[in-house]
Amino acid sequence: MDLSNANTARNLADAFGGESMANRKYLFFADVARKLGMSELAKLFRETANQETEHAFAHFRLMHPELVVKNPDALSDEEKKAIVSRCLELAIEGETYEYTTMYPGFAEQARADRDGAAASEFEQQQAESEEHAQIFRQAARNFGFLTHIENHHADRYTEALQALDGVAPAPKAAGKEPTTRKWICRQCSMIYDPVAGDPDSGIAPGTPFEDIPDDWQCPICGAKKSLFEPYEEAVAAVAA
C-alpha cells in the first residue's frame with residue numbers, strides 16, 4: 001500500500017488508535033459486566049474486543065509492512081533480528097514520548113486545573129512509561145551484545161566441526177594493548193570491547209577493562225567483573 005499520501009497515513013494511524021481504544025474499552029466493559037454477574041454480556045464485550053484487535057492489527061500491518069511476517073521459516077537470522085529490532089525501536093519511541101512529552105504535559109495541565117488525582121495518575125504513568133522504555137532499550141542493547149555472542153558460539157562450533165575433519169585450529173591469542181584487548185564473560189560469553197565500552201553502564205568508549213570499576217557487572221547475565229577473562233582471537237585478528 002502506498003503511504004506516501006500524508007492524509008492516508010494519518011487516517012490509518014487514527015483508525016489504528018480508534019480500534020485499539022475500542023479494544024481496551026470493551027475489555028473494561030467486559031470486566032464490569034462480569035463483576036455484575038452478567039456473563040453473557042461480558043462474553044459479548046470480549047468477543048467484540050477481539051474483533052477490534054484484528055481490525056487494529058490490519059491497520060498496523062499497512063502502516064508497518066516491514067513488520068509483516070508471512071513465512072518465518074524463509075527468513076534468515078539477520079532478517080528476524082531486523083524485524084524484532086524495529087519492533088523495539090517503535091516501542092522505545094512510544095514509551096519515550098509518553099514519559100518525556102505526553103504525561104508531563106498532562107500532569108502539568110491537571111495541576112493547573114487543581115485536579116490532584118489526575119495529576120498523580122499522570123505522574124505515575126510517566127514513571128512507568130520511563131521504566132518500560134528502559135526495559136525496551138535494555139532488550140535492544142542485549143540484541144547487540146547477543147549478536148557478538150552468537151558469532152562466538154558459531155566460531156567455536158565451526159572449529160569443532162573442522163577438528164572432526166582433521167583441520168588444526170588457527171592459533172589464537174589475546175590482544176596486547178589494554179585499549180583494544182577484549183574480555184569475555186565465562187558465564188554467558190558476553191564480550192567486552194574497550195573500543196565500544198558500555199555506555200549504558202557508565203563505561204565510556206575507550207575504557208580498558210582493567211579501568212572498569214570492580215563493582216561493574218556483565219550487562220547480560222550480571223556476572224561479576226572477576227568472572228571475565230581475556231578473549232583470545234585468531235592471531236591475524238588480534239590488535240597489536
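In what order do the three strands of the open sheet stand? The order is 3-2-4, and the pairing is antiparallel. The structure is a predicted model, in which local features need pLDDT of at least 70 and side-chain atom pairs count only at pLDDT 80 or more, while totals for chains, interfaces and linings use all residues. Residues are numbered from 1 along each chain as its sequence is written, and side-chain values use heavy atoms, with hydrogens and water left out.

Strands are DSSP runs of E with at least two residues, helices are runs of H or I with at least four, and both are numbered from the N terminus. Two strands count as paired if DSSP finds at least two bridges between them. Strand 3 (191–192) and strand 4 (228–230) stand at the edges of the sheet. Each has a single partner strand, so one side of each is left without a neighbour in the sheet. Strand 2 (residues 183–185) pairs with strand 4 over three bridges, in the antiparallel sense. Within this pairing, Ile 184 has Glu 229 of strand 4 as its bridge partner.

Tyr 231 lies in the loop between strand 4 and strand 5 (232–234). Its relative accessible area is 12%, so Tyr 231 is buried. Buried means under 20% relative accessible area, exposed means over 50%, and partly exposed lies in between (1.4 Å probe, protein chains only). Leaving aside neighbours within four places in sequence, Tyr 231 is in contact with residues including His 152, Trp 183, Ile 184 and Ile 191. Contact here means heavy atoms within 4.5 Å. Lys 182 is also in contact with Tyr 231. The C-alpha atoms of Tyr 231 and Lys 182 are separated by 5.3 Å, although the residues are 49 apart along the chain.

Lys 182 also takes part in a salt bridge, with Glu 233 (3.6 Å, N to O). A salt bridge is a side-chain nitrogen of Lys or Arg within 4 Å of a carboxyl oxygen of Asp or Glu. The pair links distant parts of the chain, 51 residues apart: Glu 233 is in strand 5, and Lys 182 is in the loop between strand 1 and strand 2. Glu 233 is buried at 18% relative accessibility, whereas Lys 182 is partly exposed at 23%.

The count of salt bridges comes to seven. Another of them joins Glu 210 and Arg 181 at 2.5 Å, N to O. Glu 210 is in the loop between strand 3 and strand 4, and Arg 181 is in the loop between strand 1 (172–174) and strand 2. Glu 210 is partly exposed at 38% relative accessibility; Arg 181 is buried at 13%. Asp 214 and Lys 225 form a further salt bridge, with their closest N and O atoms 3.7 Å apart. Both residues lie in the loop between strand 3 and strand 4, eleven residues apart. Asp 214 is exposed, with a relative accessible area of 69%, but Lys 225 is buried at 11%. Asp 31, Arg 34 and Lys 35 are linked in a network of salt bridges.

Asp 198 is also found in the loop between strand 3 and strand 4. Asp 198 counts as buried, at 1% relative accessibility. Its side chain makes a polar contact of 2.7 Å with the side chain of Ser 201. A polar contact is a pair of N or O atoms within 3.5 Å; within protein, one must be able to donate a hydrogen and the other to accept it, and residues adjacent in sequence count only if both atoms are side-chain atoms.
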